[in-house]
Amino acid sequence: MASLDAVFSAYESRVAELEARAATNPFARGIAWVDGEFVPLHQARVPLLDQGFLHCDLTYDAPAVWDGRFFRLDDHISRLEASCAKLRLRLPIPREDMKRLLVEMISRSEMRDALAQMMVTRGIIDTRQMTSDKAVNNLYMFAKPYVWAMRRDVQQTTGGSAVVARTVRRVPPGAMDPTVKNLQWGDLVRGMFEAQDRGATYALLTDGDGNLTEGPGFNVVLVDGGVIYTPDRGCLMGVTRDSVLRVAKGLGLEMRCEFVPVDMAYRCDELFICTTAGGVMPITTLDGQAVAGGEIGPVTKSIMDEYWAMHYDDTHTLEVKY
Ligand SMILES: Cc1ncc(COP(=O)(O)O)c(C=O)c1O
């Protein structure tokens, strides 16, 4: 993973530069856009009566900025629009304005590596009188320094440890459509606690019928016999997973998006999880047992390299002018 070393060490120097700027730039540790104003993230407030807060009646999306470029921003906004449509929400501002504001937030903050969030809520309306046409939906946006769902050293050396959750299943698509990016994390949080109780860090949730779905904030991918498998149901259509699939295609690997039985995770050659906050994260221990040889596998390594290379490709990125 030679190129990954270079990518990550350049990131470390940018983090040090940003720390130095925080003394003079109030947005360097995070910026929010609320009610048409830019505010330092830790001063941002939401109205208590917004249904997004009271009933989690919202959707959101979370694109990353890497080395001064938004990664696949249009794809994140398209998913946000699709999620809004499914929940009868409307994007409160036009797409181009959202892009312009996001770029401005990053530019003002001087963050070169960040995780942004755009949250669309139902707004301030009594739930019992709520009809989709009456509500004035709200948009809240913020960006904070880039977040790692798996520490970089763990990604590059040992890989992470996961459990297949036994005490909780993923909410069924008939109850909460998981293709709508949402913050109803009750099942995912229970999974995280179970993972901790069982001495692991990550929880993979099933659909209750013996198939894998996803985990708290990430998709699940398996490599078995040179074929890539990932669940097609019960999970978010992750942008990172889509990037992985594109990379895998470029590497000439066959990919199957289909039911993935849990037992496949115990006998596969390689297992990884993936999300915008951290990229491609190898899992080398599952339920206390080594996954295959317990080492980060060659396919995972190649995918990680290519995934980060995509972040420097103009076709997938939007440059921020600082
Ligand atoms: C439940 C869930 N699944 C999967 C993902 C990964 O999605 P993406 O790769 O688009 O960040 C996320 C991201 O936050 C998530 O919350």
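Student: Which residues are buried in helix 4?

Tutor: Happy to start there, bearing in mind that this is a predicted model. Helix 4 runs over residues 95-109, and buried here means under 20% relative accessible area. The residues of helix 4 that fall in this class are M98, K99, L101, L102, V103, M105, I106 and S109.

Student: What span does helix 4 reach from its first C-alpha to its last?

Tutor: Helix 4 has 15 residues. At 1.5 Å a residue, the expected figure is 21 Å. The model comes close to that, with a reach from first C-alpha to last of 21 Å.

Student: Is helix 3 parallel or oblique to helix 4?

Tutor: Let's take the angle as our guide. Helix 3 (residues 73-86) packs on helix 4 at about 130°, and the axes are 11 Å apart. Angles over 145 degrees would count as roughly antiparallel and 65 to 115 as roughly perpendicular. The angle therefore makes the relation of helix 3 to helix 4 oblique.

Student: Which residues of helix 4 make the contact with helix 3, and is the crossing left-handed or right-handed?

Tutor: Helix 3 and helix 4 cross in a right-handed sense. From helix 3, the contact draws on L73, D74, I77, S78, L80 and E81.

Student: Is H76 buried or exposed?

Tutor: H76 sits in helix 3. Not counting residues up to four places away in sequence, H76 touches D61, A62, P63, F71, V239 and T276. Its relative accessibility is 1%, and the cut-off is under 20%, so H76 counts as buried.

Student: Which residues is S109 in contact with, leaving aside its neighbours within four places in sequence?

Tutor: S109 lies in helix 4, and it counts as buried because its relative accessibility is 0%. S109 and K321 are 212 residues apart in sequence, yet their C-alpha atoms are 12 Å apart in space. Once neighbours within four places are set aside, the contacts of S109 are L18, N25, F27, A28 and I31.

Student: Where does C56 lie, and what is its phi near?

Tutor: C56 is in the loop between helix 2 (51-54) and strand 3 (58-61). Its relative accessible area is 21%, so C56 is partly exposed. C56 is a residue other than glycine with a positive phi, near 55°.

Student: Which residues is A44 in contact with, leaving aside its neighbours within four places in sequence?

Tutor: A44 has its place in the loop between strand 2 (37-40) and helix 2. A44 counts as partly exposed because its relative accessibility is 24%. Beyond the neighbours within four places, A44 is in contact with A32, V34 and V39.

Student: Is helix 7 roughly parallel or roughly perpendicular to helix 9?

Tutor: Helix 7 spans residues 239-250 and helix 9 spans residues 298-310. Their axes come within 9 Å and cross at roughly 110°. That angle is why helix 7 is, relative to helix 9, roughly perpendicular.

Student: Which residues of helix 9 make the contact with helix 7?

Tutor: The crossing of helix 7 past helix 9 is right-handed. Helix 7 brings T240, S243, V244, R246, V247 and A248 to the contact. By class, the contact has 6 nonpolar, 2 polar and 2 charged residues. The helix 9 side consists of I303, E306, Y307 and M310.

Student: Which residue with a positive phi follows helix 7?

Tutor: Helix 7 has 12 residues and reaches 17 Å, close to the 16 Å expected. Its buried residues include V239, T240 and R241. After helix 7 comes a residue with a positive phi near 80°, namely G252.

How values were computed
Residues are numbered from 1 along each chain as its sequence is written. This is a predicted model: local features need pLDDT of at least 70, side-chain atom pairs count only at pLDDT 80 or more; totals for chains, interfaces and linings use all residues. Side-chain values use heavy atoms; hydrogens and water are left out. Axes are lines fitted to C-alpha atoms, for helices over the stretch in contact, and angles run from 0 to 180 degrees between N-to-C directions. Helices (H or I, at least four residues) and strands (E, at least two) are DSSP runs, numbered from the N terminus. Angles under 35 degrees count as roughly parallel, over 145 as roughly antiparallel, 65 to 115 as roughly perpendicular and the rest as oblique. A crossing is left-handed if the near helix is turned anticlockwise from the far one by less than a right angle, and right-handed if clockwise. Contact means heavy atoms within 4.5 Å. Buried means under 20% relative accessible area, exposed over 50%, partly exposed in between (1.4 Å probe, protein chains only). The expected span of a helix is 1.5 Å times one less than its number of residues. Ala, Val, Leu, Ile, Met, Phe, Trp, Tyr, Cys and Pro count as nonpolar, Asp, Glu, Lys and Arg as charged, and the others, Gly among them, as polar.
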